[in-house]
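Subject: Structure for you, with notes on chain B

Hello,

Here is the structure I said I would pass on. My notes follow below it.

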Amino acid sequence: MTKLTINGIEVQSESNWTILKAAEHAGVTIPTLCYHKDLSPTGACRMCLVNVKGAKGLTTACTTPVSEGMEVETENEVLASSRRSVLKLLLSVYYDQGYKPDDTDNDLYKWARFYGLDPHKYMASKPRYEVDSDPNPFIFVDLNKCILCTRCVRACSEIQGRFVWGVSERGFEAHVSPGMEEDMIDARCESCGACVAYCPTGALSLKPTISVQPAEKKVTTTCAYCGVGCQFDLNVIDDTVVKVTSNPLAPANGMHLCVKGRFGFSYIHHEDRLTKPLVREYLLNGTQRPSKSDRGKWVETDWDTALDLVAKKLADTRDTYGPDSIGVLSSAKCTNEENYLMNKFARQVIGTNNVDHCARLCHASTVAGLATTLGSGAMTNSMQDVYEAANSIFVIGSNTTEQHPVFGAKMRQAVLNRGVKLVVADPRKIELCEFATLHLQQKPGTDIALVNGLMYIILEKGYEDKQFIEERTENFDALVENVKQYPPEKVSKITGIPVDQLYEAVEIIVHNAPMAVFWAMGITQHTVGVHNVFSLADLQLMLGNFGKPGAGVNPLRGQNNVQGACDMGCLVNVYPGYQAVTAEASQQKFEAAWGTTLSNKVGKTVTEIIPGVLEGTTKALYILGENPMMTDPDTNHIRHCLEELDFLALQEIFPTETSKYADVLLPGVTFAEKTGTFTSTERRVQMVRQAITPRGESRPDWAVTADLAKRVIAQGGRQIDAAPYAGWDYADSGEVMAEIAALTPSYGGISHERLNAGETLCWPCPTSTHPGTPILHIGKFTRGKATFLPAIHLDPSELPDEEYPVMMTTGRVIYHWHSGEQTRRVKELMEIYGEPLIEVSYEDAAQLGLNEEVNHVKVTSRRGTITARAWVTDRVPEGLIYGTFHFPEANVNTLTKAALDPIAKIPEYKVTAVRIEAVN
Amino acid sequence: MPPVTINEEETILGVRRIVKRIGATRADLIPVLQAVTNEFGFISQPAMEELSALMNLPTKEIHSVATFYRMLSTQPRGRHVIQFCESAPCHVVGGREVFATLKQALALEPGQTSPDNKWTLLTTSCLGVCGMGPVILIDTDMYGNVTPEQVKEILSRYE
């Protein structure tokens, strides 16, 4: 500690702090413009000059470290005069055309006014630059308002790791500009908006909301796109969300957001929103459905009619065909409270374990794989501790910078700021490869061979952590036996990775411990998905990378609340908190809680429920916020199943591809219109707060499900006794959370009250005083000793052959979200990425004869055909193409195969054999 | 790799040669840019992109450096680059008149290149030889104590 005095008051400071930081901690504000606590200081603007006794001239507080006995003065007439001069000079080259009504974030004006200067009096009389000079649809550039503080330059390089902005020229001509004086997008801008968030003068603004007034209120909430769990403030005027702004206190992301989080909210107010319950006419008339493929006209109706109709249909189906003839699909986009109620609805009200959700399509393999090896199926470490403590990161099958952009940016920061060694294993040259020490470009579907091959080398070199293996694991011998089958030459042949790169990868990850491994769909969406996960757990067990900061196995969960939907028991085999439906104790516990008998038979998964229609085992579906027509493999087959289905009740915010096959459409709400919690990929439970009233007659989804449950129960046919949690009368979602906490040990200490009081809790959090558990498996695994489970390489279910010679892999892009229902309704996102693109290598493009005129490809698999524009790129190697499921007009799931992992029942989205033709 | 035009290909090969000769660390950037300017007359976008790949530096950083220094250029320049010192010591010993003559003789304003690509006229800050002002630098040839009358003769020395 260092002692100094600031304005005559003695202050304690850490020895490595600057004067500015010491002053901040002492509650003394020193004016700044170019300084921001998240960015490296440059001392450029001269606003923070202070008087240090004995120093020559004035001193920049933001760059000068404290020293013992230092006497600092932060305000006096000399300093005020100096600051007024600085402000006048800055204003003399500042020009504000007055188009932006909200200048509450303009620090230049704030300090000018503080020092008694009218900014408009001192500013330049005419502009030097074009206003709105960049075509980026998200970012409004007005260099007339730039004071060259370079916060945008530092935000882009230090926060987003993208280096779009920099200073060009010198002297009076100096100005910030993107890339080589290009448009921002051409300079590889990802439109995250960090430059805007950090700009203190309005030179960079949010373009879509440039003309909105200052917010009437700001509501801090959690983003509803990916699983990173970013928080931000919804700015509300007149019951409308007008803008998203950063909230510096956000635990996972701070000021940072991605393009979807910051700009992708206008779907909330899109005209397509469902605002009234819709029922097919034939149901109201009591007549037959027009045909299997045509359910007839939609009729707007009231909630009572719609819910009574659904209740009767579900009760009748249950009573006629049995409870297992009904499938309940919950939503990883909805809150924990809503998912808990969907699980309770299926199990208590219907009496089936056929409750599942899209985790089946993304991380079912992870949940199954890690639960078996370690005892817990979630990310073991927090993103921040990996960022701070990992010395190497192994990313396999995760396109992190596009799919979890804010965490992807943290990975870039770890490489840039701490020199962390990054090894990326991916069949595509994803963006993260630029930051990688090594890119292992394996063939799709060869991950087990790759990871086993790495373990072979680790054993060969004797790099394994013998003590850890001895003390904390079991079944090592079986693993060794299996790994022996994967010598480097053989692995190289299977994976296509050169032998020396395998050795190099091992040297990097072993000598830069701790290493954290990250994966996503590239690992899980295979017929060997669970074994893929085994192999990664084995690797980390072998290296002892568990139970400490910067290590662990870290599956990045895709949806905002897919972790929570799993935690809440929207899985076919577990109650909330992963209490097995087959375990008598859990069955009894929930029977006592819910006042009814429960099934101990594992239910049918998403990938079984829908195909079950054709087998006659599935008769009715209640779907909350899922879109199987876009997201499930083999669309034509799914369509056929849904046509044959007797009854589909769909709760949604928009009409979707799936709603064409629905009989009743119940209007739910977006995350802005309800209160609850999401659980992020790092098991962090965070509040979602209602900012606006539900649109039209739409209702919060938890309220709809609760209302429906009461009506199904009222139909009779299933006995439900009085019990502590048998009822469905919830005043608010906080009461649902109280019920969750009572029945779910890992959520036992979580409540809306604690979260609203500012606590940030990662489960397990068993009691109301427990601080949460950011790192799992410290000292002991959840299951006691972790078990090594050998993984055996098997070929994907479909490999290229003469007829279908090309391999296709699928996924998402940064600008869109899953089936695209939200992001396709955001005008600006569509301006940047408005049509489906198929990534084709230069080699294949040349062979196909693709050129400026002939620029589309027709892609055919054994199941269907799509046609889309080709994006010729070196992201994919020869013989591999890549497409997305964001656009119904060319959805890759028309082509994918419903080949399932035998354990997790996850489809093999990542490998499909196709043939491609050029078309114009 | 995307297809490139012949001209770009030449640039890229040249840039690779230069980086191989000088080095690919961040500290090598200024000499590398100087060499690229000398060889190609300016640092083109394809050159900056190639340097970015070879030296593992963002194109923005290369552009910032390339536009900061007068000895470097991101715009095509004439076969001969004239830099006229506009600092005070040259100014007060008759620099203004020399510069007026120079502009007139070349029919160029500062920053411009002649239509025949022979000349580019630039102004520069102090060249460090204030004792012999006014000073003109043509390519690497330094001229001191220049008078307006000498301008024509000096220019005639260049092809």
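The C-alpha centres of domain 1 and domain 2 of chain B lie 28 Å apart. Domain 1 covers residues 6–68 and domain 2 covers residues 80–156. Please keep in mind that this is a predicted model.

Taken along the principal axes, the C-alpha atoms of chain B fill a box of roughly 55 × 30 × 25 Å. Chain B has 159 residues, and 30% of them are buried. If you take the contacts in chain B between residues at least 6 apart in sequence, 62% join residues at least 24 apart.

On secondary structure, chain B contains 6 helices and 4 strands. Read from the N terminus, the order of its elements is α-α-α-α-β-α-β-β-β-α.

I looked at one helix pair in chain B, H2(B) and H4(B). In general, two packed helices are described by the angle between their axes and the distance between the axes. H2(B) spans residues 29–40, and its axis comes within 11 Å of the axis of H4(B), with a crossing angle of roughly 65°. Angles of 65 to 115 degrees count as roughly perpendicular, so H2(B) is roughly perpendicular to H4(B). The crossing of H2(B) past H4(B) is right-handed.

Which residues meet where H2(B) packs on H4(B)? From H2(B) they are B:Leu29, B:Ile30 and B:Leu33, and from H4(B) they are B:Ile62, B:Val65 and B:Ala66. Sorted by class, this contact has 6 nonpolar residues, with no polar and no charged ones.

The other contact I looked at is the one between the chains. Chain A puts 14 residues into it and chain B puts in 12. On the chain B side, the elements that give two or more residues are helix H3 (45–55) and helix H4 (59–68). H4(B) gives the most to that side, with 7 residues. By class, the side of chain B that touches chain A has 5 nonpolar, 5 polar and 2 charged residues.

H4(B) therefore turns up in both parts of these notes: H2(B) is roughly perpendicular to it, and H4(B) gives 7 residues to the side of chain B that touches chain A. If you open the model, B:Ile62, B:Val65 and B:Ala66 will show you where H4(B) meets H2(B).

Regards

Terms used. Residues are numbered from 1 along each chain as its sequence is written. Chains are lettered from A and ligands numbered from 1 in the order in which they are written. This is a predicted model: local features need pLDDT of at least 70, side-chain atom pairs count only at pLDDT 80 or more; totals for chains, interfaces and linings use all residues. Two residues are in contact if their C-beta atoms, placed from the backbone, lie within 7 Å. Ala, Val, Leu, Ile, Met, Phe, Trp, Tyr, Cys and Pro count as nonpolar, Asp, Glu, Lys and Arg as charged, and the others, Gly among them, as polar. A residue is buried if 20 or more other C-beta atoms lie within 10 Å of its own, exposed if 12 or fewer, and partly exposed in between; C-beta atoms are placed from the backbone. Domain bounds come from an automatic or database domain assignment. Axes are lines fitted to C-alpha atoms, for helices over the stretch in contact, and angles run from 0 to 180 degrees between N-to-C directions. Angles under 35 degrees count as roughly parallel, over 145 as roughly antiparallel, 65 to 115 as roughly perpendicular and the rest as oblique. A crossing is left-handed if the near helix is turned anticlockwise from the far one by less than a right angle, and right-handed if clockwise.
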